[in-house]
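Please read them with the coordinates open.

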Amino acid sequence: MSTEQDKSAQSNTSNKPAKTLQNKKRRFTLFMAKLAFTGACLIGAYGIYLDGQIRSKMDGQIWRLPAEVYSRIESIRLEDNWSLDKIKQTLLENDYRQTTLVAAPGDFKIEDNSIVLIRRAFPFPEQAEAQRVFRLRFTDNKLSVIEDLINLKAINEFKLSPKLIAMLQSEKEERLAIPLQNYPRLLIDALLLTEDRNFYQHEGISPLGMARAMITNIRAGHTVQGGSTLTQQLVKNLFLTNERSISRKIHEALMAILLDFRYDKNTILETYLNEIYLGQSGDIQIHGFELASHFYFGLPIREISLDQIALLVGMVKGPSLYNPWRNPGYALERRNVVLRLLLEHKIIGQELYDMLSKRPLGVQEKGKITRNYPSFIQTLQAELRDNLGENRENKLLGARIFTTLDPKQQRAAEQAVVKATGELQLKTKNPDLQAAMIIADYKSGQILAIVGGTQIQYAGFNRAFMAKRQIGSLVKPSVYLAALSEPDKFRLNTPLNNRPITITIKGSPPWSPRNYDNRFSGSVMLIDALARSLNVPTVNLGMKTGLKKVIETQQAMGWDKVNIPKVPSMLLGSLQVSPYDVTKLYQTIANNGGKVRLTTIQSITDRQGNLLYRHDNNAEQVVPEEAAYQTLYAMQQVVDRGTARSLMENFGQYHLAGKTGTTNDARDTWYVGIDGQNLATVWVGRDDNGETKLTGASGALYLYKDYLTRVPVKTLKLTKPKGIKFVGINSYGGWNCDNPIRTIPVWAGKDQVFCAPTPKPAPVEQAQPAVVEEAAPAQ
């Protein structure tokens with residue numbers, strides 16, 4: 001027994017270490033299982049967190065897209081009888097290309113008195129329109145037939161897609177996001193071939209590609225090749241930074257797998273094409289191939305050539321290194337590398353490769369996101385603030401803003417301001433002269449052009465919209481209109497006192513206005529006082545009408561936000577008004593008393609084409625049309641024989657209306673000109689309010705004449721209201737219907753007669769022969 005007990009004791013002693021070891025293994029396994037479970041939970045939770053980040057971005061608003069700003073939509077209509085040259089010029093101004101073979105949207109060719117063109121597809125405000133092919137036929141150099149070659153029918157008109165003129169960015173990056181189907185197939189092929197050949201096969205990351213890149217980099221001794229897929233690049237751009245670290249690469253790989261699991265390949269590819277960084281313009285980042293195409297070539301991505309596509313694809317590797325303006329040699333070499341890949345994979349042939357690889361880079365003269373028309377854009381932004389309020393940025397994300405800007409009118413106004421102001425600077429030896437000009441369609445209220453200074457590309461002080469200067473005689477037509485609104489008191493032939501006067505104002509020294517030439521006469525007709533811009537008769541007229549009546553008229557015409565002092569000197573323009581507000585006043589006069597709010601916006605739509613805003617161009621009759629008609633007629637006399645008569649030499653046939661304005665010491669010179677469609681407001685002066693040595697006739701009018709040489713001028717034909725009659729007058733203004741010196745429009749009642757009919761002489765009876773009776777003989 002003792003022996004067995006000893007054996008049992010020995011057995012128990014020997015089993016203890018084994019059991020202890022087993023327990024330790026069991027505990028370690030359990031610990032590792034717990035650790036693995038905990039790690040898996042943490043990784044799972046982190047994966048869920050990352051997946052939430054990805055979904056929040058991809059399913060929501062990926063980018064704060066800028067609003068796209070377009071010029072006015074132009075139509076080509078049969079009824080306009082345009083010449084071939086005019087339509088050609090219009091197409092070129094809208095970024096169409098004259099070619100020998102019409103193959104792509106934006107191409108046109110001229111042959112046998114006809115133009116064939118491919119009109120670009122475009123989401124117009126009313127409805128989106130597809131790409132279309134038109135033939136325009138001309139007879140005697142006038143458009144006679146428009147043929148729709150797709151639908152095989154004749155049409156009367158079609159719209160041209162407007163020109164992209166600006167983008168109102170959010171933050172400091174810009175892009176033009178477009179659907180995947182709008183990208184050229186060759187761009188996608190070249191991109192996948194260059195950056196990620198297995199894009200449609202891998203699961204977000206490519207271990208083989210990463211290993212290949214690592215081996216290449218080790219052999220080179222530095223980084224020469226990246227192993228990131230397009231999905232990884234997209235993750236880095238959307239969610240991560242450019243930090244070079246292991247943790248960032250792990251994040252990138254994990255998020256790429258999740259992104260690939262969650263979304264289909266085409267969605268990922270479309271997002272990549274619109275997101276990839278491709279350059280810098282100042283402090284603005286260029287994102288996406290569509291915007292890069294505009295930035296480097298001035299064309300939509302669908303309209304650039306294959307060698308240009310290859311350049312953009314090549315720049316993905318390093319937009320700074322391969323910048324075509326900074327490093328054209330590197331850019332050319334990189335472009336040809338992409339073309340060589342297309343050749344090796346038989347996407348293009350040797351002949352095409354040889355031709356494309358020998359081409360120059362074909363980029364614009366210098367890179368720019370559209371930054372033209374800064375004064376117009378500033379005015380547009382102010383109008384957006386007024387109409388859309390404080391939440392406008394969110395409302396405008398990705399919106400399309402269709403403006404009223406007419407590129408032809410804008411260019412003419414810019415050229416006139418730069419050239420004519422430069423000539424005046426030399427003539428007067430006054431290099432500090434500045435100028436501003438606004439062109440508006442007075443029937444619709446649409447602003448066609450705005451120039452805020454001689455530095456037309458400088459987005460600085462917008463003198464057309466912001467500068468408030470004394471307007472001098474420009475105020476006078478509103479004074480005369482207020483008086484003519486009372487036909488029982490004032491007519492165009494009403495005599496006005498033209499003798500020196502002194503007006504006593506309580507609390508101020510006496511005021512004695514003078515005519516510009518310091519000459520006076522006994523009296524002058526109202527129409528002649530306006531034509532000759534006489535000061536004293538204007539003051540007399542305004543005081544008789546009443547300052548209250550004059551100011552109420554001005555406010556009704558558009559000066560509701562202008563500070564108008566209720567003092568007699570305001571009758572001669574002693575108030576400060578911007579060219580923009582001057583245009584408001586004259587728009588009402590030119591439109592026969594119908595006020596239409598000035599606007600730079602036609603309409604705004606969101607990305608889906610839903611209408612967000614449309615300008616109301618209905619006119620409100622704020623002053624009697626008879627009074628406005630007489631005022632406009634008198635303004636024609638300003639051109640015919642008044643202060644703007646220098647226009648008659650070259651433009652007399654158009655019967656233009658206008659008004660000059662000059663302030664004290666010739667510090668500001670003004671001119672407002674009106675033709676059959678447009679109203680132009682011109683200001684010339686100095687920012688420091690110094691003397692210009694000019695008048696309205698020699699300063700601002702000089703710019704207007706230059707502008708008229710650059711645009712088609714439309715004859716001003718006044719539409720006579722029912723209450724207007726033309727009546728003859730003599731040289732003193734008295735009624736004379738038999739032998740009038742001239743006739744003037746008069747606001748008359750239905751049966752009102754001004755010239756008493758000349759009594760008709762009584763009919764003269766024909767004399768009868770006298771009968772002589774013979775006397776009887778004397779008895």
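1. A salt bridge is taken here as a side-chain nitrogen of Lys or Arg within 4 Å of a carboxyl oxygen of Asp or Glu, and the structure holds 35 of them. This is a predicted model, in which local features need pLDDT of at least 70 and side-chain atom pairs count only at pLDDT 80 or more, whereas totals for chains, interfaces and linings use all residues. Residues are numbered from 1 along each chain as its sequence is written, and side-chain values use heavy atoms, with hydrogens and water left out.

2. On confidence, where pLDDT is the predictor's own value for each residue, from 0 to 100, the protein chain has a mean of 85, and 83% of its residues reach 70 or more.

3. Helices (H or I, at least four residues) and strands (E, at least two) are DSSP runs numbered from the N terminus, and two strands pair if DSSP finds at least two bridges between them. An open sheet of five strands has the order β12-β1-β16-β24-β25, with mixed pairing. Because β12 (164-168) and β25 (611-614) stand at the edges with a single partner strand each, one side of each has no neighbour in the sheet. Strands β16 (residues 400-403) and β24 (residues 601-605) run antiparallel and are joined by four bridges, with Thr 403 opposite Ile 601.

4. Helix α12 (residues 374-388) lies across β1 (67-70), β12, β16, β24 and β25, at about 65° to β24; axes are lines fitted to C-alpha atoms, for helices over the stretch in contact, and angles run from 0 to 180 degrees between N-to-C directions.

5. Which residues of helix α11 (residues 350-357) are buried? They are Tyr 353, Leu 356 and Ser 357, where buried means under 20% relative accessible area, exposed over 50% and partly exposed in between (1.4 Å probe, protein chains only). Seen down the axis of α11, the buried residues fall within an arc of 90° (taken from the directions from the helix axis to the C-beta atoms), so they line one face. Their cover includes α9 (306-315) and α10 (328-344).

6. Among the salt bridges, Asp 189 and Arg 185 meet at 3.1 Å, N to O, and both lie in helix α3 (residues 185-195), four residues apart. Asp 189 is partly exposed at 23%, while Arg 185 is exposed at 53%. Asp 706 pairs with Arg 710 at 2.6 Å between the closest N and O atoms; Asp 706 is buried at 10%, and Arg 710 is partly exposed at 31%.

Note on methods
Contact means heavy atoms within 4.5 Å.
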